[in-house]
Amino acid sequence: MKVPLLDLTRQYEVIGPELEAAAIEVLRSGRYIGGPEIEAFETETADYVGAKRAVGMSSGTDALLAALMAIGIGPGDEVVVPSYTFFATAGSVARLGARPVFCDVDPVSLNMTPETLEPLLTQRTKAVIPVHLFGRAADIPALTALCAPRSITVIEDAAQAIGGSLGEARVGSMGHMACFSFFPSKNLGACGDGGLISTQDEELADHLLRLRNHGQAAAYEHSEVGGNFRLDAMQAALLRIKLRHLEGWTEKRRARAQTWRELTGSKGLQDQLRCPIDDPARHVYHQFVVRVPADKREACLGALQEAQVGCAVYYRVPLHQQPCFDHEGALPHCEQMSREALALPIFPELREDEQAYAMDVLAKVLA
Ligand SMILES: Cc1ncc(COP(=O)(O)O)c(C=O)c1O
């Protein structure tokens, strides 16, 4: 058996005709930049995430960059980010000449918490970017309670977590802004690059609309320097189709996560292979990252690869240890995760027999 880490062709097999019809409509419209597909997608996504406004962007990375530009981040400023995340969270800060300050994560939620954040706040801290890592919501209200009295902006990095929630609040509705990615492998994935910023702040949304179009306030009149951060009409049209399926896909991801936990239990592996849990956030399992003993991780990867089971390590080097950043001091939980993390296949169309096959392979290494 061959089990992919992710197989987008299985999704296309089901919704191909819907996507093709939407694509043909855009092709025939002659309207490829801006226009009704973008506006409709923004309205529908704002509704879905529970925000007043949403602004389509060219990628999750550009969404982070524009969000930071919108609040004037630049040289001399500090922005706190978790060290255990994808590079773009910190890279966007450094690109603006500001200093990313690396924060440890909680060992269970794998997210920034008020306890890991507070000691890092200084007079220079202008923003914090909590990441909803792997699809599990960070506690944005608790982080905001710490940041708001100090006038620090909270920007959710929601790239991995569309559809996730904490209590009644959806990811994307809690921070001052939230940045989403529609990279094809994401839970809501475009057929190319795409991103979006959601916000409850109308003025900020209007500012982001200008920033994504070279700071243009009126035709050829530039009130500030922005960039080309636009989402294409084609991607918006395809994403609108996929957004209608997202809740169903999320439920399937959650069912597959439950199957991983049950298989782990039935093999008696729960101490060797620690699965992510759901509580108290509604986890949307962008990735299913388990922890295995550090000294067995490479053997697990090797055995899975040998058996043709897709697997990966997110993230092998925490950002505070990347050569492009200078950071002194240890962040023990981030470092521990980078030694123990093992991502197993998870996507809505994954089959239980594929999971059982993969678990048999893992059991041979771990039992
Ligand atoms: C946590 C996180 N932030 C930011 C990004 C950047 O998104 P993009 O690839 O769309 O630029 C990604 C994903 O790729 C991500 O996982």
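Analyst: **A helix and its cover**

The cover over the buried residues of helix H4 includes H3, strand S2 (78-82), strand S3 (99-103) and S5. This is a predicted model, in which local features need pLDDT of at least 70 and side-chain atom pairs count only at pLDDT 80 or more, while totals for chains, interfaces and linings use all residues. Residues are numbered from 1 along each chain as its sequence is written, and side-chain values use heavy atoms, with hydrogens and water left out.

A few terms come first. Helices (H or I, at least four residues) and strands (E, at least two) are DSSP runs, numbered from the N terminus. Buried means under 20% relative accessible area, exposed means over 50%, and partly exposed lies in between, with a 1.4 Å probe and protein chains only. Contact means heavy atoms within 4.5 Å.

How much of H4 is buried? The count is 6 of its 8 residues, so H4 is largely enclosed by the rest of the structure. The buried ones are Ala88, Thr89, Ala90, Gly91, Ser92 and Val93. Just after H4 comes Gly97, with a positive phi of about 85°.

Now take H3, one part of that cover. Two packed helices are described by the angle between their axes and the distance between the axes. Here, axes are lines fitted to C-alpha atoms, for helices over the stretch in contact, and angles run from 0 to 180 degrees between N-to-C directions. The axes of H3 and H4 (residues 88-95) come within 9 Å and cross at roughly 45°. That makes H3 oblique to H4. The classes are these: under 35 degrees is roughly parallel, over 145 roughly antiparallel, 65 to 115 roughly perpendicular, and the rest oblique. The crossing of H3 and H4 is right-handed. A crossing is right-handed if the near helix is turned clockwise from the far one by less than a right angle, and left-handed if anticlockwise.

Which residues meet there? From H3 come Thr61, Asp62, Leu64, Leu65 and Leu68, and from H4 come Ala88, Thr89, Ser92, Val93 and Arg95. By class, this contact of H3 with H4 has 5 nonpolar, 3 polar and 2 charged residues. Ala, Val, Leu, Ile, Met, Phe, Trp, Tyr, Cys and Pro count as nonpolar, Asp, Glu, Lys and Arg as charged, and the others, Gly among them, as polar.

Ser58 is buried, at a relative accessible area of 16%. Its side chain makes a polar contact of 2.6 Å with the side chain of Asp62. A polar contact is a pair of N or O atoms within 3.5 Å; within protein, one must be able to donate a hydrogen and the other to accept it, and residues adjacent in sequence count only if both atoms are side-chain atoms. Asp62 is also one of the H3 residues that meet H4. Leaving aside neighbours within four places in sequence, Ser58 touches Asp193, Gly194, Gly195, Asn228, Phe229, Arg230 and Leu231.

S5 is another part of the cover over H4. Gln160 sits in the loop between strand S5 (153-157) and strand S6 (165-166). Gln160 counts as buried, at 9% relative accessibility. What does the side chain of Gln160 reach? It comes to the backbone nitrogen of Phe134 at 2.6 Å. The side chain of Gln160 also makes a polar contact of 2.9 Å with the side chain of Tyr315. Not counting residues up to four places away in sequence, Gln160 touches His132, Leu133, Phe134, Gly135, Lys186, Val284, His286 and Tyr315.

Most residues other than glycine have a negative phi, and most peptide bonds are trans. Phe134 has a positive phi of about 65°, although it is not a glycine. Phe134 is in the loop between strand S4 (125-128) and helix H6 (140-147). It is buried, at 3% relative accessibility. Tyr315 is joined to Tyr314 by a cis peptide bond, with omega about 5°. Tyr315 lies in the loop between helix H9 (294-306) and helix H10 (332-340).
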